[in-house]
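Thanks for coming, everyone. I have one structure to show you today, so let me put it up on the screen.

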Amino acid sequence: MVAALAGAALLPFAALGATREFTLTAAATAWEIAPGQKVTAWAYNASVPGPELRVSAGDTIRVKLVNHLPEATTIHWHGVPVPNGMDGVPGISAPVVQRGEQFTYEFPAPEPGTYWYHPHADAAAQIARGLYGLLIVDPPSSAPRTWDREVSLVIGEFSGTMGAMGGGMGMGGGMNPSGMMMGTLLINGKAGPHVPDLRFRKGERVLFRMVNTGNMVHPMHLHGMSWTVTATDGFAAPAPYRKDTLPINAGERYDAVLDASNPGSWMLHCHNLQHVGDGASGATGLALLVVVEP
Ligand SMILES: [Cu+2]
C-alpha cells in the first residue's frame with residue numbers, strides 16, 4: 001500500500017482519478033441539418049456530432065459501443081495512445097463489432113487536450129454519415145487556466161441520403177430531391193447559415209477547440225480578430241502563435257484562444273471559398289457568425 005502510494009506520487013496523472021463510463025449507441029437517425037431539412041444520418045446517441053466525452057487527467061475511460069447500424073463498425077480513439085487492442089482497427093488491432101453486438105473500450109485518459117473518436121470500419125462512409133465526436137481531457141483543477149469559456153467547432157463533410165422530409169442543400173447549396181444522395185458541409189452538425197451564432201462579451205477569452213473530421217483542408221478564417229494557437233493535435237504548441245486563418249487538415253485539431261476584443265458581428269468561415277456559398281440570404285456552407293457584445 002505504501003509502495004503503491006509512493007509510486008503514484010511520482011506520476012501526477014497515473015490512475016488517481018475515477019473510472020468514467022459512457023455508452024455510445026450507433027444507429028441511423030433522422031438529423032435536421034437546417035430548419036425543415038432532415039437527412040438520414042448515422043449517429044452516436046442520435047446526435048451529430050456524437051456526445052462530447054469529457055474526462056479529467058488521471059481518469060480511466062470506459063465506453064460501451066452498441067452497434068445498431070446495418071453494418072459492422074468500431075471506434076478509433078484519434079490521437080489517444082490506447083493499448084493496441086482498443087485501437088478500433090478491424091483485422092489489425094481490434095475485433096469488428098457486428099450489427100447487433102457491443103464492445104467495451106477501456107483505456108487511461110491521455111494528456112489533457114482535444115481528441116476525437118470515429119469508426120475505422122468502412123471509415124470514409126461511416127464518418128461522412130455523421131459518426132464522430134470529441135473526447136476532451138481536462139487538466140487537473142489545480143492547473144492555471146488562461147481562458148474564461150470554451151466552444152467546440154466540429155467540421156463534417158456529410159454524405160448521405162435525404163430524409164423523408166425532402167428538400168436539402170448540396171455542397172454548393174443546391175436542392176436535391178428526396179431520397180437522393182447528397183453532400184453538404186456541416187459545423188457542429190448544422191449547415192450554414194443555420195450554424196448558431198457564437199456570442200461573447202467584450203474582454204472574454206474563449207478557447208476554441210476545432211476539429212476537421214473530413215478529407216479536405218479547411219482554412220478557417222476569422223474576421224476582425226485573431227486566435228492564439230495553444231495546441232495542435234492535443235500537443236501544447238512550443239510557443240503560442242497568432243493566426244487569423246487556421247488551415248485545418250484532414251483529421252487535425254487545434255486549440256486556439258480568442259481574445260474577444262473587437263465588438264461587432266464577424267464572419268468565421270472556410271477560406272476555400274468553394275466551401276462557402278454567397279447567396280442572397282447570406283453565406284452558406286462552412287460559415288458562422290462570431291458576435292462580440294460591447
Ligand atoms: Cu473548407
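First, the ground rules. This is a predicted model, where local features need pLDDT of at least 70, side-chain atom pairs count only at pLDDT 80 or more, and totals for chains, interfaces and linings use all residues. Residues are numbered from 1 along each chain as its sequence is written, and side-chain values use heavy atoms, with hydrogens and water left out.

Let's start with the metal. Which residues coordinate the copper ion? His218 gives ND1, Cys270 gives SG and His275 gives ND1, at 2.0 Å. A donor here is an N, O or S atom within 2.8 Å of the metal, or 3.2 Å for Na, K and Ca. Water is not among the atoms, so sites may look incomplete. Along the sequence, the donor residues are spaced H-x51-C-x4-H. Are cysteine 270 and histidine 275 buried or exposed? Both are buried. Buried means under 20% relative accessible area, exposed means over 50%, and partly exposed is in between, with a 1.4 Å probe and protein chains only.

Now the strands. Helices (H or I, at least four residues) and strands (E, at least two) are DSSP runs, numbered from the N terminus. Two strands pair if DSSP finds at least two bridges between them. Take strand 14, residues 227-232.

The search uses a 1 Å grid over the protein atoms alone. A pocket is an open set of points with protein on both sides within 12 Å along at least five of seven lines, and a lining residue has an atom within 4 Å of a point. Points are joined across faces, edges and corners, and the volume is the space filled by probe spheres set on them.

The largest pocket has a volume of about 450 Å³. It is lined by 20 residues. Nearest its centre lie Pro112, Pro139, Trp147, Ala236 and Asp255. Which strand gives the most to this lining? Strand 15 does, with 4 residues. Strand 12 (205-212), strand 14, strand 15 and strand 17 each supply at least two. Domain 1 (13-138) and domain 2 (149-293) each contribute at least three residues to the lining of the largest pocket. Those bounds come from an automatic or database domain assignment. By class, the lining has 13 nonpolar, 4 polar and 3 charged residues. Nonpolar covers Ala, Val, Leu, Ile, Met, Phe, Trp, Tyr, Cys and Pro; charged covers Asp, Glu, Lys and Arg; the others, Gly among them, are polar.

The second largest pocket has a volume of about 170 Å³. Of its 15 lining residues, Trp116, Ile127, Thr213, Gly214 and Asn215 are the closest to its centre. Helix 2 (123-128) supplies the largest share of that lining, 4 residues. Its classes come out as 7 nonpolar, 7 polar and 1 charged. Domain 1 and domain 2 each give at least three residues to this lining as well.

Last, the backbone. Most residues other than glycine have a negative phi, and most peptide bonds are trans. Here are some exceptions. The bond from valine 48 to proline 49 is cis, with omega near -10°. Proline 49 sits in the loop between strand 2 (37-44) and strand 3 (53-56). Asparagine 45 is in the loop between strand 2 and strand 3, and its phi is positive, near 55°. Asparagine 45 counts as partly exposed because its relative accessibility is 35%. Glycine 192 and proline 193 are also joined by a cis peptide bond, with omega about 5°. Aspartate 122, in the loop between strand 7 and helix 2, has a positive phi of about 50°.

That's the tour. Over to you.

How values were computed
On a 1 Å grid over the protein atoms alone, a cavity is a set of points where a 1.4 Å probe fits but cannot get out, and a pocket is an open set with protein on both sides within 12 Å along at least five of seven lines; lining residues have an atom within 4 Å of a point.
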